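This report covers selected features of one protein model.

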Amino acid sequence: MLDVYTQLFQAAYREQPVAVGAAAPPPRSTRAEVRVAPQPPQAPETLANSGLSLMQVCDLILKQLYLQGAALGIDLARQSRLPFNVIDEGLVFLKDEKCIEVSAGDLIGRVSYRFNLTDLGRSRAREAFEQCRYVGPAPVPLEDYVRQCMQQTVTGTVCDPDSLMTAFKEFIIRPGVLDELGPAVCSGKSIFVYGPPGNGKTVIAKGLGRFLNTNGGEIFVPYAIHSENSIVTIFDPTIHTATDNDDLVGTLMQGDTQAAGERSRLLQTNPPDLRWRRIRRPVVITGGELTLDMLDLRYNTSANFYQAPLHIKANGGVFLIDDFGRQIVSPRDLLNRWILPLEERIDYMTLSTGKKFSVPFEQLIIFSTNLDPRELVDEAFLRRIRHKIAIGTPDRDLYTEIFQLACRQRGIPFNADALNYLYSAYYDKGKPPRSSDPRDLLEIVQSICRFRNQEVALTENLIADAALKFFCTI
């Protein structure tokens, strides 16, 4: 029997046009109004609206006080990213239960009181740590995360030739590639990019990430979610680039302007929910190190909470599986793992207890390989990947443009004689040119010039020396 979240997913997607035999999609302006600017989640007005139980809030308070020794009421609200009136319900309960006591405070109320743990409170805090060592921003309910992800999908991003060209203006790719990428972005479906190594497959992922950052608007991700009495962390500063400048770092009671503003935000009636971060659409790139275990929840056995896998952290953005086919796990096993998410747009996470729950699979996923696709995938899998894009070797005109751009980026005057040498000595004799060759060769030229303590220049002798090192047969 499908759980409530799966039913929610299916109900939402039944409202969208299907890929085959469907009516034409709505006008572009309609899609933009619905999808481009997702609304920030609003802070809960009461404990019931927060999706947390009283015990969950109390456990967060106890663990914070256990680690700090004492804290002001407003600091407890700041650390949990909850409005003070929500935290206050937990403070009142814990005080009535003789777990905390007030050591000092001003006349403005519990928001300014300094709270300490009692002996009973320290005992309760240790029990809470044994259950789960997570201490940080309060988690949001899974259903709130699902709802927010469905408001900020990649599928609804407005994409046209001009905006896509702008995102790729710093890259040089063969004519026609953007005409293939544009419909893929509009559909939000998977992309299979194949071709020889070094010809720009990773560049495509980065360009799409830049496009989504510019045209897709910002999205919101929670610090953590909770489901089945378990906590799963989502926000990852190594992946997610926050744009809200609202990390609330430092104490709120220092008296400066910023602290006063943050204190006011925590006390106002309808602030945004600080359990969520506003971020640029993420771009996650993984390569040969990818294993099946990395696609499941990572359980911290000592801390008793979970970390979301990479593809869940990529929700709302781009997820590139680079060097597909070179992973430790076999391509067939990896593909079998993706079949259901690609088809249903949801994935299932398994807790250590064996319970499962569904999560959104809402990203532009790109499979990139320089191996023969016929040796990696079967027809059933290719059917689920809607867009296949071949990236071949550049012709001489395109290669010249790439070489000139690489020279400009490094402040090196372009010399056509050096390029002519590469073609006469290597490319015209059967060695295929790669889009990455200019970058790599120029870096070697720079290194040679630094070593010789001479001005960097692109001469035929220097490029010959660099090519001899770079193109050597091993």
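Predicted model: local features only at pLDDT ≥ 70, side-chain atom pairs only at ≥ 80, totals over all residues.

Sorted by class, the contact of H4 with H5 has 3 nonpolar and 4 polar residues, and no charged ones.

H4 spans residues 54–68 and H5 spans residues 73–80. Their axes come within 11 Å and cross at roughly 110 degrees. Because angles of 65 to 115 degrees count as roughly perpendicular, H4 is placed in that class relative to H5. The crossing of H4 past H5 is right-handed.

## Open sheet

An open sheet is built from 5 strands, in the order S4-S7-S8-S12-S11, with mixed pairing. The edges are taken by S4 (140–141) and S11 (298–300); each has a single partner strand, so one side of each has no neighbour in the sheet.

S11 and S12 (residues 305–307) run antiparallel and are joined by 3 bridges. Arg 298 has Gln 307 in S12 as its bridge partner.

## Loop residue Lys 355

Lys 355 sits in the loop between strand S14 (346–350) and strand S15 (356–360). Its relative accessible area is 46%, so Lys 355 is partly exposed.

Leaving aside residues up to four places away in sequence, Lys 355 touches Glu 228, Met 349 and Thr 350. Of these contacts, Glu 228 is 127 residues from Lys 355 in sequence, with a C-alpha to C-alpha distance of 7.9 Å.

How values were computed
Residues numbered from 1 in each chain as written. Heavy atoms only, no water. Pairing = 2+ DSSP bridges. Helix = DSSP H or I, 4+ residues; strand = E, 2+ residues; numbered from the N terminus. Axes fitted to C-alpha atoms, helices over the stretch in contact; angles between N-to-C directions. Parallel < 35°, antiparallel > 145°, perpendicular 65-115°, else oblique. Left-handed = near helix turned anticlockwise from the far one by under 90°. Nonpolar A, V, L, I, M, F, W, Y, C, P; charged D, E, K, R; others polar. Buried < 20%, exposed > 50% of the residue type's maximum accessible area, 1.4 Å probe, protein only. Contact = heavy atoms within 4.5 Å.
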